[in-house]
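Here are a few exercises to work through with the model open beside you. Try each task before reading its solution.

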Amino acid sequence: MLRSQLPGGTFKDVPKAHSKRMAAIRGYGNKTTEERLRLGLVRAGIRGWRLRPRDIQGHPDFFFSEVRLAIFVDGCFWHGCPSCGHVPQKNRSFWAAKLARNRERDSRTTKRLENEGYIVLRFWEHELRDSLSLCITKVIRVIETANQELSGRGSVSQRRDKW
């Protein structure tokens, strides 16, 4: 539990307006993460994926079942990006513990899925913003490699055109 990681086990008083603003941030379907990658996949003609499957450990944002590829898109703030993430000054101990816990959970989820034979890709929010085409190219390469390893079963994700 997060509270046990805080000094004194208590949260500092947080203004209601700030709390309401943070609570309004959606956990999925964000335009800077999931929607951006989804648009890139659709534009590239990549098919064969499901959004946030509940039956896969960690509930990846995108899942290609035939090649066992799980893709997570991580918001730079919420997942503690080493390049552009930060710990807010207000209620610092809470946020430091929260972001550390998120990073630990992400690491455990990735390791668990890989141990179960899944391929796991993680993209940072800033990677999708700055170089969506490189992210899409990486997805294509992973799918093509997995398809080659599955040889004989045919291509999993048919594309309308080459990238």
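Helices here are DSSP runs of H or I with at least four residues, numbered from the N terminus. With that in hand, note that the model is a predicted one.

**Exercise 1.** Find the residue just after α2 that takes a positive phi, then work out which residues of α2 are buried and where they point.

*Solution.* Next, go back through α2, which spans residues 34–43; its buried residues are E34, L37, G40 and L41. These residues lie on the same side of α2, because they cover an arc of only 130° around the axis. An α-helix has 3.6 residues a turn, so residues three or four places apart point the same way. Finally, look at what this side meets: the buried residues of α2 pack against β1, β2, β3, β4 and α4.

**Exercise 2.** Describe the geometry of the aromatic pair formed by W49 and F62, and say which strands it links.

*Solution.* A search of the whole structure gives six aromatic pairs. In the pair of W49 and F62, the centres are 5.4 Å apart with 70° between the planes, an edge-to-face arrangement. The pair joins distant parts of the chain, with W49 in strand β1 and F62 in strand β2, 13 residues apart. As for burial, both W49 and F62 are buried.

**Exercise 3.** Locate the charged groups over the rings of Y118 and F72.

*Solution.* Take Y118 to begin with: the charged end of R68 sits over its ring, 3.9 Å from the centre. Then turn to F72, where R122 lies over the face at 4.2 Å from the ring centre.

Methods
Residues numbered from 1 in each chain as written. Predicted model: local features only at pLDDT ≥ 70, side-chain atom pairs only at ≥ 80, totals over all residues. Heavy atoms only, no water. Buried < 20%, exposed > 50% of the residue type's maximum accessible area, 1.4 Å probe, protein only. Helix = DSSP H or I, 4+ residues; strand = E, 2+ residues; numbered from the N terminus. Arc of directions from axis to C-beta. Contact = heavy atoms within 4.5 Å. Phe/Tyr/Trp six-rings, centres within 6.5 Å; stacked < 30°, edge-to-face > 60°. Lys NZ or Arg CZ within 6 Å of the ring centre and 35° of its normal.
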